[in-house]
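Subject: Structure for your reading

Dear colleague,

Please find below the structure that I am handing over to you. My notes on what was found in it follow directly after it.

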Amino acid sequence: MSILTVKQLTKQFGGLTANSNINMDVQKGSITAVIGPNGAGKTTLFNMVTGVYQPTSGDILLNGESIVGLKPHQVAQKGISRTFQNIRLFGAMTVLENVMVGMHTHLRSGLFHTMFSTPFMRKEEKEAKQEAYRLLQYVGLESLYNEEAKSLPYGAQRKLEIARALATKPKVLLLDEPAAGMNPKETAELTKLIYHMREQLQLTIILIEHDMKLVMEISEHIIVLDHGEKIAEGTPDDIRNNEKVIEAYLGKGATTAS
Amino acid sequence: MKKWLNVLEQNKRLQAIVIAVYIVVTFISLYLAQKSVVAFLLLLSSLLLLHFTTFSHRVKWVIGIVVLSVLLPLAASQGEAYQSYMEVATLVGIYIAMALGLNIVVGLAGLLDLGFVAFFAIGAYTYGIFATTQANNFMPFGQYPLSGESFWVFLIIGCIVAAIFGILLGIPVLRVKGDYLAIVTLGFGEIIRIIFNNLDKPINITNGAMGLASVQPPKLFGLEFMYPSQFYYVVLVILLLTIFVVRRLEYSKIGRAWKAVRENEIAAQAMGIPLVRTKLMAFAVGASFSGMMGVVFAAKQTFVDPTSFTLLESITILVMVILGGMGSVPGVILGAALVTILNLQVLTELTNWLNQLSLSGVVSIPDALSPAKMQRFIFGVILILFALYRPQGLLPAKNPRFDEKELKSGATNMVDGKEGAKDVYFNG
Ligand SMILES: Nc1ncnc2c1ncn2[C@@H]1O[C@H](COP(=O)(O)OP(=O)(O)OP(=O)(O)O)[C@@H](O)[C@H]1O
Ligand SMILES: [Mg+2]
């Protein structure tokens, strides 16, 4: 069953076509990778799915329902969450607060409850803190919960972005180069984390990644973009042996690597 | 010195003794030496001292309120300078409330607003127009001025009207960001002032540059509020309310959303935060405190005219926020108090003193160099020094710190109650 469907999606920036007629079908509960050389249009695709950019033409369906034209926060409320290639944490806020911001739409206390600090509100806030802490434990950052987000090392910041995205309780999670800047140990942890998230949280995961070892190991389906066009898709084995992909992106060594 | 501070920090009883002695000594000095501005300021500073103690919030609040509502007025009430002290204290309160409002917009939500005084003006005119004969010019019904009893209702009306204008300003303005936002809000501030300056024709609504004179003093149970010592209490109550509201908001879901928008708009949206609504809310809440204090200001001055609401006022309020520490409630309170007192007391006193010296022929200072005239210069120097050496402000904003015990206690569902996820963590 497909959860996310992209139909004939095109995005133009002036004369530049960043995405051209992309079709994509993402199965519920799958791990899908989007790969391709720099400037291929991968992030642009994510930005359209999450409502940051409006497509020039084409459609995006979440569970059969079009989400084109929705604002980014509405897309988030529909159950799509993401991390960013160029890390976008709330730098001056604490690690725990960052995750709590992710819970925004699930907290029900409005102005009234806040002003009068009602028992309902206090209970909700307390539970939110605890839930945020559990999410930090889940990604392995619980010891840093009181630190300022911008003071964290690079790898930890990437993990925090994941924890924050999980806090929105997404159905589909988009990870934009989650392993960028991580050392091999961190990348191995990340690989495990992605697996576990899919299994335990019944997530559908789409990731952009340049680390081919990670991609080939983890994904069930791979989509290859080049110059804004989809040049191939299939299983890791299909992609590894695809002439076009080798030429455009992987290079000759890739068939033997991994 | 450091050792002593450490001992003090550990020992609450010692802190209690120190602060009690401090308050008693400054209280007595002000009581006896009525003319001493220094004594007045020292007594006020006890609140700063209180801020640094490790008492619980409740204890701090109680002591603070006792000092402000009983000790300060009592100590100051023994001489001729009473009303002028209370005047200063009242103005300090008004400016603190405004600075706290601006702090929501600039400090929490990160929206640079250079026209903030407009909301103060809107509050002042809202009461000013209806509490003078002015409203007779254009209102089809009713007898004006409204009686002083309406003042209390107008506090709320002023608050709401300013909030509405905050939203009206926000809707077009929020399309622009950063420097552009600053310029547009600056324009808004000036437009409001110029409208008030010119709205005497075709229909005379604001009485133009002549301003509105003899605004009705507030009345409560037949008691008329005429003196600063009475307005002091009105301001104190509103101020406490403001601080209460600001604190509650800051540590709530809304406060986190404001900070998230300040830190990164795109990420905030991706977390499900509606950008426009969140920003408008900051504008509205920030403006409402100003509007309320505008009403008080109009009643206190009994005169409203556009010259009270210039760009310099907006800048002054912004200086208070920056000096104290953007986003920090205690900081902004301190910043607003310092700037107002510097303006009203220190510079004027210094000028008087120098004048006396020149009169008696000790020194001679040219008029152009009198401290009161160097206000802007002094502000400029302060700002530059702060930008260089203390960009976070006097009392920098602090993030809420959480207690690990509290975070660990609940061991229920993990992420949406999905099972099987409880025990798997990623440390090894
Ligand atoms: N907002 C924008 N305005 C104009 N051009 C843009 C914009 N965003 C992306 N582009 C262009 O679209 C093309 C695709 O960019 P995109 O960021 O999607 O690439 P990518 O596949 O994510 O590359 P990388 O691997 O380097 O992250 C690039 O040529 C880029 O310059
Ligand atoms: Mg990219």
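This is a predicted model: local features need pLDDT of at least 70, side-chain atom pairs count only at pLDDT 80 or more; totals for chains, interfaces and linings use all residues.

Residues are numbered from 1 along each chain as its sequence is written, chains are lettered from A and ligands numbered from 1 in the order in which they are written, and side-chain values use heavy atoms, with hydrogens and water left out.

**Ligand 1**

Which residues come nearest to ligand 1? Of the 14 residues around it, they are G39(A), K42(A), T43(A), T44(A) and Q85(A); a residue counts as near if one of its heavy atoms lies within 4 Å. There are also polar contacts (pairs of N or O atoms within 3.5 Å). Oxygen atoms of ligand 1 lie 3.2 Å from a polar backbone atom of A40(A), 2.9 Å from a backbone N or O atom of G41(A), and 3.0 Å from a side-chain N or O atom of H210(A). Taken alone, ligand 1 exposes 640 Å², and the protein buries 65% of that (areas by the Shrake-Rupley method with a 1.4 Å probe).

The elements that give two or more residues to this shell are β2 (16-27) and α1 (42-49) of chain A. The most come from α1(A), with three residues. Helices (H or I, at least four residues) and strands (E, at least two) are DSSP runs, numbered from the N terminus.

**The magnesium ion**

Ligand 2 is a magnesium ion, coordinated by OG1 of T43(A) and OE1 of Q85(A) at 1.9 to 2.1 Å. Donors are N, O and S atoms within 2.8 Å of the metal (3.2 Å for Na, K and Ca), and a site may look incomplete because water is not among the atoms. The pair links distant parts of the chain, 42 residues apart: T43(A) is in helix α1, and Q85(A) is in the loop between β6 (80-82) and α3 (95-102) of chain A. T43(A) counts as partly exposed because its relative accessibility is 24%. Q85(A), at 31%, also counts as partly exposed. Here buried means under 20% relative accessible area, exposed over 50%, and partly exposed in between (1.4 Å probe, protein chains only).

**Strands**

Why is strand β3 (residues 31-35) of chain A largely enclosed by the rest of the structure? Five of its five residues are buried, so the rest of the structure largely encloses it. I31(A), A33(A) and I35(A) cover one side, and T32(A) and V34(A) the other.

Two strands pair if DSSP finds at least two bridges between them. β3(A) pairs in the parallel sense with β8 (residues 204-208) of chain A over four bridges, where V34(A) has I208(A) as its bridge partner. Four bridges also join β3(A) to β9 (residues 221-226) of chain A, again in parallel, and A33(A) stands opposite I222(A) there. β9(A) in turn runs antiparallel to β10 (residues 229-234) of chain A, joined by five bridges.

A separate note concerns an open sheet of four strands in chain A, in the order β2-β1-β4-β5, with antiparallel pairing.

Yours sincerely

Technical notes:
A polar contact is a pair of N or O atoms within 3.5 Å; within protein, one must be able to donate a hydrogen and the other to accept it, and residues adjacent in sequence count only if both atoms are side-chain atoms.
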